[in-house]
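Dear colleague,

I am handing over the structure below, together with a short account of what was found in it. Please read the notes alongside the coordinates.

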Amino acid sequence: MRDSYNHSSRRRKALRRRRLLAALIALLVLAAAVFAIVHWVVPALQKEPDPAGPVTDPSTDPTDEPADTPDGTIIYEPVFDPVVAESQQVSTAWFNDAVVLGDSRSQGLILYNGLSNCTSLAVKSLSVTNYTSKEATVPGLGTDTVANMIGKVGGKRFYLIFGMNDMGLPKAEAFGEYFGRLVDLVQRTHPDADIYVQAVLPVTKLKEASGAANGFTLERVNNFNEQLLALCREKHLWYLDIPPALVDEEGYLLDDASWDGVHLNADYCKTWLAYLLTHVVLPEDYNGEYDLPVEFIPGNATELDGVTVYDFKPSN
């Protein structure tokens, strides 16, 4: 009788142990499920898809720069390239809507190419430090300081041609700062206009030898142009590089391009204009109003809306 009781007792104890073990396993499984839901499933459901797509690693493309977005993510956009590439050739009617703002070099550009259709704010000895005092005369608007005239004239595009009268500035950075103030004035008074910044053209090697004391050096010109290029990137301006047909293999102005080592003669002013007419940024809604006429023969002159149009060839 005692043996039967002991056997029954052992069986009940074993059953309790199995039930306890099963309950413990079930508890562990439940705990694991809760952990997975809390740490993996819920965060995955709560995460919203990134509308901007994957973020570009800037180290893979050094030409990209970060830009903030409203939701705080960072995307990378291409750096603005201000250098105007070669384009289709337009006629001189392109300058119907242009304002040429600059020094005596720009006066030569207008004079020797017959660009009477542009608005001229080209003044002898004009610089980025004296345009608030130097005066210009514009038909229909009278005479006023260049600074005041900028706000009075109309135009879809401005050509800024400076540098030769600024070589005496103590540092190239000062030229960049003054030039930036001029740009601010143009952008404030003409917010929808395109601004073309002409790189400072060099002088001849002979002129450098005689005028180095006054800053007329190729190194100085290059330093000025570095400032202009940086400014164009910052303010989204168009940068016109030095026309290759004007310089020698060292980068100096060609000897036969100038009578004084600084100013371009008539032939090379035409070469300069040829470069400008093939380095333009056409508006998105361009409708062909500046196209050369279909019957145009290279090397000849023709009339387009009362304006003489040439296909200039570099004379060197």
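Of the 316 residues in the chain, 42% are buried. Please keep in mind that this is a predicted model, with a mean pLDDT of 83 for the chain and 72% of the residues reaching 70 or more. Residues 48-62 have a pLDDT below 50, and beyond near neighbours in sequence this stretch has eight contacts in the model. Residues 310-316 also stay under 50 in pLDDT, and for them the model has 22 contacts beyond four places in sequence.

As for the overall make-up, the secondary structure of the chain comes to seven helices and 11 strands, and among contacts between residues at least 6 apart in sequence, 64% join residues at least 24 apart. The accessible surface of the chain is about 18,000 Å², and carbon and sulfur atoms account for 55% of that area.

Part of the surface is a nonpolar patch formed by L21, L24, I25, L27, L28, V29 and L30, which together have about 700 Å² of accessible area. One of these residues, V29, lies in helix α1, which covers residues 2-46, and V29 counts as exposed because its relative accessibility of 55% is over the 50% cut-off.

Helix α2 (residues 104-113) has as its buried residues R105, S106, G108, L109, I110 and N113. The cover over these buried residues of α2 includes the strands β3 (98-102), β4 (119-122) and β7 (157-161), and also helix α7. At the start of α2, a side-chain oxygen of D103 comes to within 3.1 Å of the backbone nitrogen of R105, while the residue that follows the helix, G114, has a positive phi, near 60 degrees.

H279 is classed as buried because its relative accessible area, 10%, is under the 20% cut-off. The side chain of H279 reaches the backbone oxygen of Y275 at 2.8 Å, and it also makes a polar contact with the side chain of T278, at 3.3 Å. Leaving aside residues up to four places away in sequence, H279 touches V84, A85, E86, S87, Y196 and L240.

Notes. Residues are numbered from 1 along each chain as its sequence is written. This is a predicted model: local features need pLDDT of at least 70, side-chain atom pairs count only at pLDDT 80 or more; totals for chains, interfaces and linings use all residues. Side-chain values use heavy atoms; hydrogens and water are left out. Buried means under 20% relative accessible area, exposed over 50%, partly exposed in between (1.4 Å probe, protein chains only). A polar contact is a pair of N or O atoms within 3.5 Å; within protein, one must be able to donate a hydrogen and the other to accept it, and residues adjacent in sequence count only if both atoms are side-chain atoms. Contact means heavy atoms within 4.5 Å. Patches are made of residues with over 30% relative accessible area and no salt bridge: like charges are joined within 9 Å, nonpolar side chains (Val, Leu, Ile, Met, Phe, Trp, Tyr) within 5 Å. Accessible areas come from the Shrake-Rupley method with a 1.4 Å probe; for residues, only the protein chains shown count as cover. A salt bridge is a side-chain nitrogen of Lys or Arg within 4 Å of a carboxyl oxygen of Asp or Glu. Helices (H or I, at least four residues) and strands (E, at least two) are DSSP runs, numbered from the N terminus. pLDDT is the predictor's confidence in each residue, from 0 to 100.
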